[in-house]
Amino acid sequence: MAGFVYEHLLICVSVLVLLFFIVKRSRSRRLRLPPGSLGLPFVGETLQLISAYKTENPEPFIDERVNRFGSIFTTHVFGEPTVFSADPETNRFILQNEGKLFECSYPGSISNLLGKHSLLLMKGNLHKRMHSLTMSFGNSSIIRDHLLVDIDRLVRLHMDSWIDRVVLMEEAKKITFELTVKQLMSFDPGEWTESLRKEYVLVIEGFFSLPLPLFSPTYRRAIQARTKVAEALSLIVRQRRKERGSGDKKNDMLEALLGGDDGFSDEEIVDFMVALLVAGYETTSTIMTLAVKFLTETPLALGQLKEEHDEIRAKKRKEGPLEWSDYKSMPFTQCVVNETLRVANIISGVFRKVMADVNIKGYTIPKGWKIFASFRAVHLDQDHFKDARSFNPWRWQQNNSGAVTPVNVFTPFGGGPRLCPGYELARVELSVFLHHLVTRFSWVPAEEDKLVFFPTTRTQKRYPIIVKSRNECCY
């Protein structure tokens with residue numbers, strides 16, 4: 001009897017779900033949707049998306065559909081009908097209408113691990129205030145007067161231990177994590193920061209897993225690691241509150257959060273810092289690694305970069321730290337930075353949820369649907385960049401017709417109200433890293449490595465290299 005009731009209930013639920021899916025599709029047919037395919041019920045085209053990005057082509061899923069349907073198309077991925085945009089004007093429209101027509105929306109696994117008070121998930125006035133606060137700690141004057149000295153010192157400190165074989169991705173992650181910890185909480189590298197970083201590795205691994213601890217060991221480990229991270233950061237927050245009570249204050253992000261007029265709780269501050277640590281740790285370290293990979297594969301660019309930095313180093317004493325004037329005298333380095341950002345596309349695009357029926361380019365996107373603004377598809381489009389899939393830093397030099405750079409075409413840091421607040425800081429960190437790398441070392445790849453694009457852009461083997469000191473040069 002119990003089995004009969006269970007089967008009957010299961011059939012009823014299945015029918016209701018199927019009816020809901022049919023109703024949604026029938027309403028969609030009444031609207032003028034962008035062309036495309038919703039694929040199979042429930043599954044959609046998710047499997048095609050995942051399998052496509054396991055190839056060496058950086059944008060196979062979008063490439064195929066743009067060729068068939070145009071730069072705006074309909075699909076169904078990760079359980080939801082979604083419109084993909086490879087059109088720069090549409091992408092800009094999406095970014096500029098954040099909070100009006102579109103709202104930030106991410107998979108449950110990411111939301112749960114970052115915490116409900118993270119900057120990524122904040123909305124409205126609270127997001128505006130916190131975004132502004134974060135921007136104020138990463139602007140040019142703060143970097144010049146306070147952060148540059150620590151960036152230079154910590155990069156040097158890590159490179160001092162490099163001998164023979166170096167797994168570049170791992171070393172870059174250590175550098176960027178410790179830089180972020182220093183900027184957020186004024187902690188220097190040590191056992192505590194390394195222990196915290198190892199937990200972060202587990203947290204990030206859970207971002208693209210099924211958010212069900214019972215069925216996903218990866219997600220279960222990520223949740224456990226997130227709890228440990230939150231406990232460690234909560235302890236720091238409580239200690240700093242006590243120190244402030246006795247008049248001891250520091251010049252870092254945590255001090256700004258504790259001393260602000262909003263009266264943030266410990267939980268809110270911890271969630272906020274968790275997200276900032278993830279952002280500073282994962283993206284900048286990958287850009288560092290890929291910049292070295294692209295330069296290694298482009299000897300002319302590497303040679304010109306070395307000349308620029310050897311010239312800077314020749315004007316300084318042997319151990320002299322980089323100054324702001326040095327950073328501002330790296331024109332070709334900035335070309336390398338731009339081109340690495342364009343080709344690598346660490347953030348391939350952004351998902352948004354449609355808040356009301358929206359008309360775009362003659363199509364209607366229904367309320368409740370997802371829309372994905374693809375930065376990578378635009379950056380790798382031959383219509384915007386000549387030989388778009390080749391690494392060519394010279395395209396960014398003045399009077400070079402190889403680049404078209406309106407704000408809606410080159411968007412490695414997003415745009416609109418959610419423009420990445422650390423965009424200038426990331427540029428400085430990469431420039432300082434490249435300076436010390438090319439003036440202190442020569443290197444060759446330890447083994448062949450290749451790019452992969454799912455779940456994130458990275459190298460398959462974390463890019464191991466063999467380094468040798470350039471003693472004959474400046475160090």
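The structure holds 15 aromatic pairs. Rings of Phe, Tyr and Trp (its six-membered ring) count as a pair if their centres lie within 6.5 Å; planes under 30 degrees apart are stacked, over 60 edge-to-face, and the rest tilted. One of these pairs joins W162 and F441, whose ring centres are 5.5 Å apart and whose planes meet at 35°, so the pair is tilted. This pair links distant parts of the chain, 279 residues apart. W162 lies in the loop between α7 (140-159) and β4 (164-167), and F441 lies in strand β9 (residues 441-445). Helices (H or I, at least four residues) and strands (E, at least two) are DSSP runs, numbered from the N terminus. The model is predicted: local features need pLDDT of at least 70, side-chain atom pairs count only at pLDDT 80 or more, and totals for chains, interfaces and linings use all residues. Residues are numbered from 1 along each chain as its sequence is written, and side-chain values use heavy atoms, with hydrogens and water left out.

Burial was then assigned. A residue is buried under 20% relative accessible area, exposed over 50%, and partly exposed in between (1.4 Å probe, protein chains only). W162 has 6% relative accessibility, so W162 counts as buried. F441 is buried too, with a relative accessible area of 5%. A second tilted pair is formed by W396 and F410, with ring centres 4.6 Å apart and planes at 50°. Both residues lie in the loop between α16 (375-379) and α17 (423-440), so the pair ties together parts that are 14 residues apart in sequence. W396 and F410 are both buried.

Ring pairs also build a cluster from F61, F73, F84, F351 and F372. R65 lies over the face of F61, at 3.7 Å from the ring centre. A charge sits over a ring if NZ of Lys or CZ of Arg is within 6 Å of the ring centre and within 35 degrees of the ring normal. The charged end of R342 likewise sits over the ring of F385, 5.0 Å from its centre.

The strands come next. Two strands pair if DSSP finds at least two bridges between them. β1 (residues 72-77) and β2 are joined by 6 bridges and run antiparallel. T74 stands opposite V83 in β2. The hairpin of β1 and β2 has 2 residues between the strands, and F78 there takes a positive phi near 50°. β2 (residues 80-85) is mostly covered, with 5 of its 6 residues buried. β2 also pairs with β8 (residues 370-374), in the parallel sense, over 4 bridges. Here S85 stands opposite A373.

Another sheet is open. Its 3 strands follow the order β4-β12-β9, with antiparallel pairing. β4 and β9 are the edge strands, each pairing on one side only. β4 pairs with β12 (residues 464-469) over 4 bridges. R165 has I466 in β12 as its bridge partner.

Helix α15 (residues 331-344) has 14 residues. The expected span is 1.5 Å times one less than the number of residues. For α15 this gives 20 Å, and the end C-alpha atoms are 20 Å apart, which agrees. Of the 14 residues of α15, 13 are buried, so the helix is largely enclosed by the rest of the structure. N345 follows α15 and has a positive phi, near 50°.

Cysteines complete the account. C335 is buried, at 7% relative accessibility. C420 is partly exposed, at 28%.
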